[in-house]
Amino acid sequence: MEDGQDLSPHMMVGPERVAMSQLGAGRGRAFLAALRPSHEIAIPATPEPQATLLTQLSLSGTICTVPTFKEATEFSAAAPAKKSTIEALPEPIAKAGTNGAPVTIGSNHISIKCKNEAVYQYHVTFTPNVESMGMRFAMVKAHRETTGEVMAFDGSILYLPTKLSNVVVLKSVRQTDNEEIQIKIQMTKILPPNSDLCIPLYNVVFRRVMKIIGLKLVGRNHYDPERVTVLGKQRLQVWPGYSTCIKRTDGGLYLCVDVSHKVLRSDSVLDVMNMLYQQGSENIQDECTKELVGHIVITRYNNRTYRIDGIEWNKSPKDTFTLMNGTKTTFVDYYSKNYGITIKDLDQPLLMHRPKERSKPGGKQIMTGEILLLPELAFMTGIPEKMKKDPRAMKDLAMHINVSSAQHTHSIQQLLKTISSNSESLNQLSPWGLDIASDILVIKGRTLPMETICLQTSSFATSTDASWSREVLKDASISSVPLKAWAVFYPQRCARQAEELVSTFNKVAGPIGLRLHRPTCVELRDDRTESYIKRIHSQLSIEPNMQLVVCIMVGNRDDLYSAIKKLCCVKNPIPSQAINVRTISQQQKLRSIAQKILLQVNCKLGGELWTVNIPLKHVMVVGVDVHHDTSKAHRSVMGFVASVNGSLTRWYSRVSFQGPAEEIISGFRVCLLDALRKYYEVNHKLPEKIVVYRDGVSTGQLKMVEEYEIPQLIKCFENFPSYEPKLVFIVVQKHISTTLYSWAENAFGTPAPGTVLDHTLTQKNWVDFYLMAHHIRQGCGLPTHYIALYNTANLTPDHLQRFTFKMCHLYWNWPGTIRVPAPCKYAHRLAFLSGQYLHAEPAIQLSDKLFFL
């Protein structure tokens with residue numbers, strides 16, 4: 001690990017991406033989250049063996065997972081309505097801007113037309129009650145002459161494309177005791193075909209289509225194991241596939257298709273365990289737990305993924321467990337009988353997966369329990385940590401998973417062609433009246449004007465790739481802090497590289513306006529963590545006015561990096577810079593690297609590099625992001641960064657840790673109050689406008705943020721007499737499924753930085769837009785989704801879009817635009833450092849410096 005890792009663009013690996021929000025007081029209705037879809041008639045799959053301590057109820061619930069429409073639509077199965085009603089569709093909100101040059105763009109969305117007049121929703125009751133979901137499905141299925149061949153049923157709610165009588169009463173016989181069961185089907189709603197309540201249903205239908213054309217469901221996405229790519233050197237397999245979602249936007253009903261890749265390892269969990277054992281670990285159980293718990297594995301006999309929550313060392317494949325029918329069997333016999341698999345290692349421990357609790361359809365039972373897996377049959381997924389630190393290996397992998405716009409659109413068109421040429425697929429779609437277009441969506445977007453970058457005495461317009469790496473090295477930064485007292489710590493074997501680095505620093509410091517004194521060079525006998533910490537602590541005692549600690553390390557050592565950062569950020573607050581010796585070992589690149597390190601050092605000391613023209617006056621811009629603390633389960637850390645001057649070149653930062661039962665707003669409120677006091681200290685008045693960019697919010701949390709978090713923030717203004725600033729609260733969503741392409745000369749390409757889309761694919765309840773602020777060097781155009789939940793400053797859509805684009809120019813660790821506003825990126829870096837390495841709040845003395853870059 002070394003500082004400065006953002007000086008080159010990150011490689012985006014794995015498109016696990018999702019998306020969705022009113023100008024004014026933020027009273028838009030939240031989008032009804034379309035969660036887990038279900039099967040038409042649930043046929044229990046061959047279950048995973050589970051621990052014998054489970055009751056029959058939880059055992060059947062956990063082993064045979066039946067996703068429900070009730071979960072997906074959040075429809076109450078209480079007393080059905082006496083009168084069926086047609087759901088009204090709201091008018092779309094005006095949210096389109098006009099600033100910028102019109103441009104034709106494409107997106108990974110395909111239009112869907114609904115030919116049917118309606119979808120009919122019915123409530124089904126069984127008298128006397130039938131507890132078994134399997135029996136409910138079988139009884140309804142037996143009456144297909146009444147319901148029709150096409151249906152979707154979750155045990156309580158029935159969807160049909162055809163209209164029945166308002167009340168239909170059917171009879172069935174329960175096979176277990178021959179008791180007659182009355183099945184009452186009562187109509188509850190007539191849904192327009194593009195209603196939100198129909199979306200989960202359509203997604204289930206499309207999942208069936210993906211299965212019909214031969215794709216395998218792994219997790220939430222579908223993959224094609226037949227077209228697997230094997231990376232022998234890295235012992236990896238890459239499965240190509242798709243992530244699909246039918247959704248309703250301002251432009252109507254669309255199928256969103258994203259190209260996805262599943263990275264699987266050739267090593268089973270047992271292979272990893274044996275590898276750790278061969279390395280001679282003192283405590284093999286502790287090592288395995290540390291290495292494996294929390295990782296996702298796949299069992300290839302059923303293509304299901306599981307999270308490892310623990311290792312049962314006292315169990316083995318020879319142990320027995322109880323099947324759903326009450327009989328006992330060993331794991332060895334179970335896999336032999338059901339899958340034809342012969343278990344080779346009879347003494348291996350078992351892996352434990354604890355499924356999330358969820359309600360069963362048609363009742364209040366909770367599905368819980370533990371699933372036990374065999375390490376021999378469970379394969380690791382994802383990219384190994386060791387490989388992530390190998391640039392060559394990552395480059396090889398990126399060739400297969402970071403597809404260009406042309407490849408991306410070609411894969412989508414191939415999928416559409418496959419579906420349209422498969423009669424069985426069309427038979428699934430046509431009864432519901434779904435007609436999927438054959439072409440990718442092409443619409444009008446805009447490209448925002450390029451910004452002017454301002455340095456100390458010069459300014460310049462950005463180039464077409466929105467990069468200014470050369471310009472910032474030619475002219476002086478806005479302000480620089482003279483570096484008078486600083487020290488460089490390095491092991492004996494790195495003495496030559498350290499001397500060359502210091503020499504190069506002196507040569508390149510002048511043009512960027514940084515005054516540099518000779519540092520104290522501290523040579524260490526070895527590179528043990530204790531050696532670094534003792535000498536740094538000793539040097540800080542000798543020179544209490546020291547401004548900067550520079551540490552040159554050998555290799556990517558997280559333990560050493562963490563120890564240095566804990567010392568310099570928490571115990572003895574001082575800006576610090578960690579440098580991997582490999583980074584400065586290439587003579588031909590040393591000058592360029594030294595320039596970038598000095599720019600980063602200047603930021604950490606409190607210097608200011610560049611800015612853009614900010615039209616809003618007396619404004620404070622806030623960035624918030626949340627990261628998981630790796631040291632403690634269920635604890636998260638919030639990074640908070642706020643501007644404290646008019647040119648947005650001085651920042652105040654804080655960190656707040658939350659336990660599982662604590663609301664993030666409590667820490668958010670404290671940080672905002674401190675930032676307002678800091679702003680007053682610098683400007684002798686409070687800001688008139690506050691713009692908050694809130695990262696780390698999923699679509700399902702939008703309503704909570706709007707109704708609870710924002711009012712709590714407003715309430716904290718009461719701490720200042722007669723203070724009522726204008727507040728703009730914008731949610732930033734990076735992990736989305738929407739992709740944008742440029743469209744020119746009948747070919748798809750990469751959109752230019754500044755491309756914005758604020759219609760058709762936007763969400764009906766909010767003022768939102770998609771912005772591609774960054775230049776794409778590899779892969780295709782993945783924009784960021786911005787949702788204005790609250791806006792008492794009455795900023796127009798044009799204001800929101802232009803101001804957000806400006807914010808994407810102010811991240812000083814990269815001389816170019818980035819994908820999110822700079823305060824969000826700063827907040828992410830701060831939260832990551834605190835949650836990954838510090839596990840504590842940084843010292844308040846560093847709060848006015850960007851020490852976390």
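Not counting residues up to four places away in sequence, Asp695 touches Val624, Asp625, Val732, Lys734 and Cys824, where contact means heavy atoms within 4.5 Å. The model is predicted, so local features need pLDDT of at least 70 and side-chain atom pairs count only at pLDDT 80 or more, while totals for chains, interfaces and linings use all residues. Residues are numbered from 1 along each chain as its sequence is written, and side-chain values use heavy atoms, with hydrogens and water left out.

Asp695 is placed in the loop between strand E36 (689–694) and helix H19 (702–715); helices (H or I, at least four residues) and strands (E, at least two) are DSSP runs, numbered from the N terminus. Asp695 counts as buried because its relative accessibility is 4%, and buried means under 20% relative accessible area, exposed over 50%, partly exposed in between (1.4 Å probe, protein chains only).

Asp625 lies in strand E33 (residues 619–628), and among the residues in contact with Asp625 are Asp695, Lys734 and His828. The table lists two polar contacts, each a pair of N or O atoms within 3.5 Å; within protein, one must be able to donate a hydrogen and the other to accept it, and residues adjacent in sequence count only if both atoms are side-chain atoms.

| Side chains | Polar contact |
|---|---|
| Asp625 and His828 | 3.2 Å |
| Asp695 and Lys734 | 2.6 Å |

Elsewhere, four strands form an open sheet in the order E29-E28-E30-E31, with parallel pairing; two strands pair if DSSP finds at least two bridges between them.
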